[in-house]
Amino acid sequence: MKMIVGLGNIGPQYNGTRHNTGFMVVDEFAKQHGIELTTRKLDARYGTGIVNGEKVLVVKPTTFMNESGRAVHPLMDYFKIDLDDIFIVHDDMDLPVGHIRLRDHGSAGGHNGIKSIIAHVSSKDFKRLRVGTGHPEKMSVVDYVLTKFTTEQQPLFNQSADKAVAALDDWLSGTEFTQLMNKYN
């Protein structure tokens with residue numbers, strides 16, 4: 001079984017904000033594959049399905065972003081999922097809107113959700129799909145990540161979400177991760 005986790009903040013006030021990019025991507029992935037995220041357990045909302053012959057668990061933590069690891073690690077234990085079989089989808093301010101980047105390990109890069117997962121799984125060696133949100137020009141980072149994409153940026157975000165879903169599909173079809181990085185980065 002593989003696990004795809006989208007990071008974000010719970011609550012209607014955060015819907016559609018840059019910080020909820022991970023939620024938006026996994027929602028689109030789940031929609032395209034008919035997976036309903038209706039189960040609520042272990043600090044998460046999730047659903048399962050079969051994609052490209054692979055059983056997949058699609059997850060949205062119900063913790064706030066900074067505590068994402070509180071949901072990821074217990075789900076890995078409960079479903080007996082190896083670290084190599086998880087894929088975290090999250091926002092990245094260092095990438096322009098419309099861009100994605102895949103990594104198979106590394107530091108948190110200042111992202112508190114990733115810091116939490118690293119702390120809870122005791123490793124930096126897990127796959128991440130970073131989705132660009134752009135960097136603020138005239139506001140604080142905290143305020144910026146809680147804004148929505150502008151009308152000019154929305155089509156670019158939609159394109160990056162489509163690329164992200166395609167990358168997840170390719171991963172689930174068994175494409176080597178190095179090939180995925182070469183194709184999508």
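Helix α5 has 19 residues and stretches 27 Å from its first C-alpha to its last, close to the 27 Å expected at 1.5 Å a residue (the expected span is 1.5 Å times one less than the number of residues). Helices here are DSSP runs of H or I with at least four residues, strands are runs of E with at least two, and both are numbered from the N terminus. The model is a predicted one, so local features need pLDDT of at least 70 and side-chain atom pairs count only at pLDDT 80 or more, while totals for chains, interfaces and linings use all residues. Residues are numbered from 1 along each chain as its sequence is written, and side-chain values use heavy atoms, with hydrogens and water left out.

So what does α5 lie across? Helix α5, covering residues 154–172, lies across β1 (2–6), β3, β4, β5 (86–92), β6 and β7 (127–132), and runs at about 165° to β7. Contact means heavy atoms within 4.5 Å, and angles run from 0 to 180 degrees between N-to-C directions, with axes fitted to C-alpha atoms (for helices, over the stretch in contact). The buried residues of α5 include F157, S160, A161, A164, V165, A167 and L168, and its buried set also takes in D169, D170, W171 and L172. Buried means under 20% relative accessible area, exposed means over 50%, and partly exposed falls in between (1.4 Å probe, protein chains only). Just after α5 comes G174, with a positive phi of about 100°.

Now for the sheet itself. Seven strands build an open sheet with mixed pairing, in the order β2-β3-β4-β1-β5-β7-β6. Two strands count as paired if DSSP finds at least two bridges between them. β2 (39–41) and β6 (100–103) sit at the edges with a single partner strand each, so one side of each has no neighbour in the sheet. On average, neighbouring strands of this sheet are turned by 25° against each other, direction ignored. Strands of a sheet pair through backbone hydrogen bonds, either parallel or antiparallel.

β2 and β3 pair in the antiparallel sense over three bridges, with T39 standing opposite Y46 in β3. These two strands form a hairpin with two residues between them. L42 sits in that turn, and its phi is near 55°, a positive value in a residue other than glycine. With a relative accessible area of 32%, L42 is partly exposed. Strand β3 (residues 44–51) then pairs with β4 in the antiparallel sense over eight bridges. Y46 turns up again here, standing opposite V59 in β4. β3 and β4 also form a hairpin with two residues between them, and N52 in the turn has a positive phi of about 50°.

Another positive phi in a residue other than glycine is found at K80, near 55°. K80 lies in the loop between α2 and β5 and is exposed, at a relative accessible area of 71%.

What about the sites named in a record? An unreviewed UniProt entry lists Y14, F64, N66 and N112 under "binding site"; the positions follow the numbering used here, feature names are shortened, and annotations may be inferred rather than shown by experiment. The lining of the largest pocket includes Y14, F64, N66 and N112. On a 1 Å grid over the protein atoms alone, a pocket is an open set of points where a 1.4 Å probe fits, with protein on both sides within 12 Å along at least five of seven lines, and lining residues have an atom within 4 Å of a point.

F64 belongs to the loop between β4 (54–61) and α2 (69–79). F64 counts as partly exposed because its relative accessibility is 45%. Leaving aside neighbours within four places in sequence, F64 is in contact with G8, N9, I10 and Y14. N66 lies in the loop between β4 and α2, and at 44% relative accessibility N66 counts as partly exposed. Not counting residues up to four places away in sequence, N66 touches N112 and S116.

S116 lies in helix α3 (residues 112–121), and it is buried, with a relative accessible area of 7%. Beyond the residues up to four places away in sequence, S116 touches N66, E67, S68, G69 and R70. S116 and S68 are 48 residues apart along the chain, yet their C-alpha atoms are separated by 5.9 Å.
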